[in-house]
Amino acid sequence: MTRYIKVLLAGAFIASSPVGASLAFDDAEKKELGEIIKQYLIENPEVLVEAQTVLEQRQLIAQQQRLKSIITDMADDIANNSDDIVFGNPDGDVTIVEFFDYNCGYCKRAMSDMIEIVEKDPNVKFVLKEFPILGPESVEATSVSIAVNRIAPEKSARFHTEMLGSSGRANKDKGMSIADSLGIDLVALEKELQDQTLLEGINKTYEIAQALEINGTPSYIVGEEPIFGAVGVSDILKKIQNMRSCGKATC
């Protein structure tokens, strides 16, 4: 009887004890305790579901806190990089950052979402972050885009919409052709493409994306919250409203 009581009380004791506390069990008691726990879980499987739910909630909260800290630490690199194209109001009270690739089909469709948002809300700053992950041609297209923004920033928005709105693969040749059609000096553009800091900036974006677990496009950052995928206008507008009402993308 003494051993049976000891086994029955073991679970409660372990659950309430500090880390490292333990009871001394002999082999027979360990076996009996294991059988009791196993039988209890078989008869009450909902306990496992509840435990899994609690674990997932704790993991989600921990992930959110970690990403929030990263976004705070990298705030300037994320939202205030001079190489990034800005649509909407540069001094807007809410900033949306979109990671995109010129060869991403979802990004092409999401461009209309961005345009609709800045037209509907004149107080939004929409930052476009070059994130070329779909091959060498994407890196070429991004490089031209950044170079255009450096030497002719007044034409960068038009370049972006024409490049992302074009059909076929985006690459250096297409970028140079669009730049030429906009009257941009191709000699100066080619010179800018040789600047090593251009690729360094792209690599920095890769580092930011890796830290934030962003591995697809489009992805967004609103406030301190990353949003993955082309979620659409209504969802983003809701996040903007939340930012103004509670200071967070999700209230």
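A: On a 1 Å grid over the protein atoms alone, a cavity is a set of points where a 1.4 Å probe fits but cannot get out. A pocket is an open set with protein on both sides within 12 Å along at least five of seven lines. Lining residues have an atom within 4 Å of a point. Points join across faces, edges and corners, and a volume is the space filled by probe spheres set on them.

A: This is a predicted model: local features need pLDDT of at least 70 and side-chain atom pairs pLDDT 80 or more, while totals for chains, interfaces and linings use all residues. Residues are numbered from 1 along each chain as its sequence is written, and side-chain values use heavy atoms, without hydrogens and water.

Q: How many cavities of 30 Å³ or more does the structure hold?

A: There are 2 at that cut-off. The largest cavity holds about 70 Å³ of space. The second largest cavity has a volume of about 30 Å³.

Q: Which residues line the largest cavity?

A: Its lining is Asn81, Asp83, Asp84, Lys129, Glu130, Ile146, Gly201, Ile202 and Thr205. Two elements give two or more residues to this lining: strand E3 (124-130) and helix H10 (196-211). Elements are DSSP runs numbered from the N terminus: helices are H or I with at least four residues, strands E with at least two. H10 gives the most, with 3 residues.

Q: How does the lining of the largest cavity divide by class, into how many nonpolar, polar and charged residues?

A: The largest cavity has 2 nonpolar, 3 polar and 4 charged lining residues. Ala, Val, Leu, Ile, Met, Phe, Trp, Tyr, Cys and Pro count as nonpolar, Asp, Glu, Lys and Arg as charged, and the others, Gly among them, as polar.

Q: Which residues line the second largest cavity?

A: They are Glu98, Phe100, Cys107, Met111, Met114, Leu128, His160 and Leu164. E2, H5 and H7 each give two or more of the lining residues. The largest share, 3 residues, comes from H5. By class, the second largest cavity has 6 nonpolar, 1 polar and 1 charged lining residues.

Q: H5 and H7 form a helix pair. At what angle do their axes cross?

A: Two packed helices are described by the angle and the distance between their axes. Here H5 (residues 105-120) and H7 (residues 156-165) cross at roughly 140°, and their axes come within 9 Å. Axes are lines fitted to C-alpha atoms, for helices over the stretch in contact, with angles from 0 to 180 degrees between N-to-C directions. That angle makes H5 oblique to H7 (under 35 degrees is roughly parallel, over 145 roughly antiparallel, 65 to 115 roughly perpendicular, the rest oblique).

Q: Which residues of H5 and H7 make the contact?

A: H5 contributes Cys107, Lys108, Met111 and Met114. H7 contributes His160, Thr161, Met163, Leu164 and Gly165. Contact means heavy atoms within 4.5 Å. The H5–H7 contact has 5 nonpolar, 3 polar and 1 charged residues.

Q: Now the open sites. What volume has the largest pocket?

A: The largest pocket has about 440 Å³. It is lined by 17 residues, with Gln64, Glu224, Glu225, Lys248 and Thr250 closest to its centre. Helix H3 (46-73) and strand E5 (225-228) each supply at least two lining residues. H3 provides the largest share, 6 residues. The lining of the largest pocket divides into 7 nonpolar, 6 polar and 4 charged.

Q: What volume has the second largest pocket?

A: The second largest pocket has about 170 Å³. Of its 13 lining residues, Ile71, Ala79, Thr95, Ile221 and Gly223 are closest to its centre. Helix H4 (75-79) and strand E2 (94-100) each supply at least two. By class, this lining has 8 nonpolar, 4 polar and 1 charged residues.
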